[in-house]
Amino acid sequence: MLELKAVSKTYKKSKAKAIDSINLKIEDGDIYGFIGPNGAGKSTTIKCITGIHTFEEGEILLDGVSIKENPIQCKQKMAYVPDNPDVYENLSGISYINFICDIYGVGEERNSLIHQYADLFGIKDRLSDHIKNYSHGMKQKIVLIAALVHKPKLLVLDEPFVGLDPKASFDLKEIMKSLCSQGTMIFFSSHVLEVVEKLCNKIAIIKDGKIIASGDLESVRGDSSLENVFLELFHE
C-alpha cells in the first residue's frame, strides 16, 4: 500500500504551496488515475512519491516504510517513468536497460523479459542503436522496458501515453492490467480522461495543489461521465 498523509510541498522561490495537505491511499492491485489541469500539482506529487522532491509536511509510506527515512528501501520497490524521458543518449538502448537492471540487481531473467517487452513494443531490432537516434516515442518505450523488467511493487507514471503510437498505447494498457491483477500498484497522471475512465478503478482530481475529489471511479463519477465531472469542478 502507498499512503500519502497530509503531504505539503512549498517551493522556496515562490513561497507558494505546490501541493497542500494531500491525502491518498493506493492499495495493492489498484490502477489509480491522477488528473487535473496544468500546474495543479500532479508532477510535484509524483516527484514527492518517488523521492525526487523533498516535502516539508506530512508523510509518504510504501508498505509502511517512510520515503523520508528509508528512501533507498522504498525506491527498490518502485519504478518511475517521467513524461519527458531524460536518458543517457550516448548509450545504446540495451546498455541503458542493462544499466537500470544492474542498479536493481536483476539477474539473468532480465534477458527474456527485455526481449519480450522490446518485441511487444516493436523495437527489438533497435536495441543496439544509440538513444540519441531514437524518437521521443522510442525513448519512452526504452524507459518503460527498464521500469518493467525489475518487476516493481509500485509503478509511477507521468503522462505515460504521450508520444506512444496507438499499438504501444494499447499494449501498455494491457501490461498495466496484467500487473495489477498480480498485485502491483499503478499510479499515473494523464490528461486523457477517456483512458483514465476506461482503465482505472480509482481516481483523484487535484486543483491548485489540493485534492478535491478521490476514491472509487464510480463514486467520483456518479451517473455522469468523468469529462463532465471534470468540467463542472473546474468551472465553479
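**Exercise 1.** In this predicted model, find how far apart Lys 167 and Asp 171 lie along helix H6, and state what joins their side chains.

*Solution.*
Step 1. Helix H6 covers residues 166-181 and holds both Lys 167 and Asp 171.
Step 2. The two residues are four positions apart, so about one helical turn separates them.
Step 3. Lys 167 and Asp 171 form a salt bridge, with 2.6 Å between the closest N and O atoms.
Step 4. Asp 171 has a relative accessibility of 8%. Buried means under 20%, so Asp 171 counts as buried.

**Exercise 2.** Decide whether Glu 174 and Lys 177 are buried, partly exposed or exposed, and describe their contact.

*Solution.*
Step 1. Glu 174 and Lys 177 also belong to helix H6, three residues apart, which is about one turn.
Step 2. Their salt bridge has its closest N and O atoms 3.3 Å apart.
Step 3. Relative accessibility is 35% for Glu 174 and 42% for Lys 177. Both residues therefore count as partly exposed.

**Exercise 3.** Work out which parts of the chain the salt bridge between Glu 27 and Lys 202 ties together.

*Solution.*
Step 1. The side chains of Glu 27 and Lys 202 meet at 2.8 Å, N to O.
Step 2. Glu 27 sits in the loop between strand E2 (17-26) and strand E3 (31-35), whereas Lys 202 is in strand E9 (residues 202-207).
Step 3. The pair therefore links parts 175 residues apart in sequence.
Step 4. Glu 27 is partly exposed at 33% relative accessible area, while Lys 202, at 12%, is buried.

**Exercise 4.** State how many salt bridges a search of the whole structure finds.

*Solution.* The search finds 16 salt bridges.

Note on methods:
Residues are numbered from 1 along each chain as its sequence is written. This is a predicted model: local features need pLDDT of at least 70, side-chain atom pairs count only at pLDDT 80 or more; totals for chains, interfaces and linings use all residues. Side-chain values use heavy atoms; hydrogens and water are left out. A salt bridge is a side-chain nitrogen of Lys or Arg within 4 Å of a carboxyl oxygen of Asp or Glu. Buried means under 20% relative accessible area, exposed over 50%, partly exposed in between (1.4 Å probe, protein chains only).
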